[in-house]
Amino acid sequence: MSTPMSDGSPAQESENPLLRASNPMVSDLEQEVLDEYSRLLGNVNKLSDKLADLSGDPSSLTLDGLRLLERKTATVCTLLKASVYSIVLQQQIFNENEEQQQMEQQGDQMQYHDQGYDYQDEDMSFEGRFT
C-alpha cells in the first residue's frame with residue numbers, strides 16, 4: 001500500500017511495519033503523525049537533492065545574471081573613481097588659480113609701491129602747503 005506524498009506522487013512502501021495503516025498497535029492519530037513525518041522526510045530528501053544539484057552545477061541563467069551584475073558593478077566603480085578624480089582635479093585647479101591670483105595681487109601691489117604709486121601711508125591733506 002502506498003501513501004500519497006504532498007506533491008501527489010505515491011510514497012514508496014515502508015519497511016517498518018508500524019508505518020502501515022493496517023497495524024492494530026497504532027492509533028489513527030499516531031498513524032497520521034507517522035504519515036506526516038514520512039511525507040516530511042520525502043520532501044526534505046527532495047530538497048536536499050535539489051540543493052545538491054544547484055550547488056554542484058549552477059544554472060547558466062544564474063551565471064549569466066552574476067556576470068551581468070559583475071560588469072555593472074565594475075562600470076559603477078569606474079564611474080565613481082572618475083568622478084572622485086574629477087572633483088579632486090577641479091579642486092586642485094581652483095586652488096592653483098586662487099594662489100596665482102593672490103601672487104598677482106601681491107606682485108601688483110609691490111609694482112605700484114616700487115613706482116611710487118603707493119599712497120596708503122602718505123598724508124593726503126593739502127592744508128600745510130597752500131595756507
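Where is the place of Arg-39? I looked, and Arg-39 sits in helix H1.

Ground rules first. This is a predicted model, where local features need pLDDT of at least 70, side-chain atom pairs count only at pLDDT 80 or more, and totals for chains, interfaces and linings use all residues. Residues are numbered from 1 along each chain as its sequence is written, and side-chain values use heavy atoms, leaving out hydrogens and water.

**Overall.** I found 3 helices and 0 strands in the protein (DSSP runs numbered from the N terminus: H or I of at least four residues for helices, E of at least two for strands). Along the sequence that reads α-α-α. Buried residues (under 20% relative accessible area; exposed is over 50%, partly exposed in between; 1.4 Å probe, protein chains only) are 6% of the 131 residues.

**H1.** I checked the span of helix H1, residues 28-56: its 29 residues reach 42 Å from first C-alpha to last, close to the 42 Å expected (1.5 Å times one less than the number of residues). Its buried residues are Gln-31, Asp-35, Arg-39 and Gly-42.

**Arg-39.** Why do I call Arg-39 buried? Because its relative accessible area is 18%. Its side chain also makes a polar contact of 2.4 Å with the side chain of Glu-36 (a pair of N or O atoms within 3.5 Å; within protein, one must be able to donate a hydrogen and the other to accept it, and residues adjacent in sequence count only if both atoms are side-chain atoms).

**Val-44.** Val-44 counts as partly exposed because its relative accessibility is 43%.
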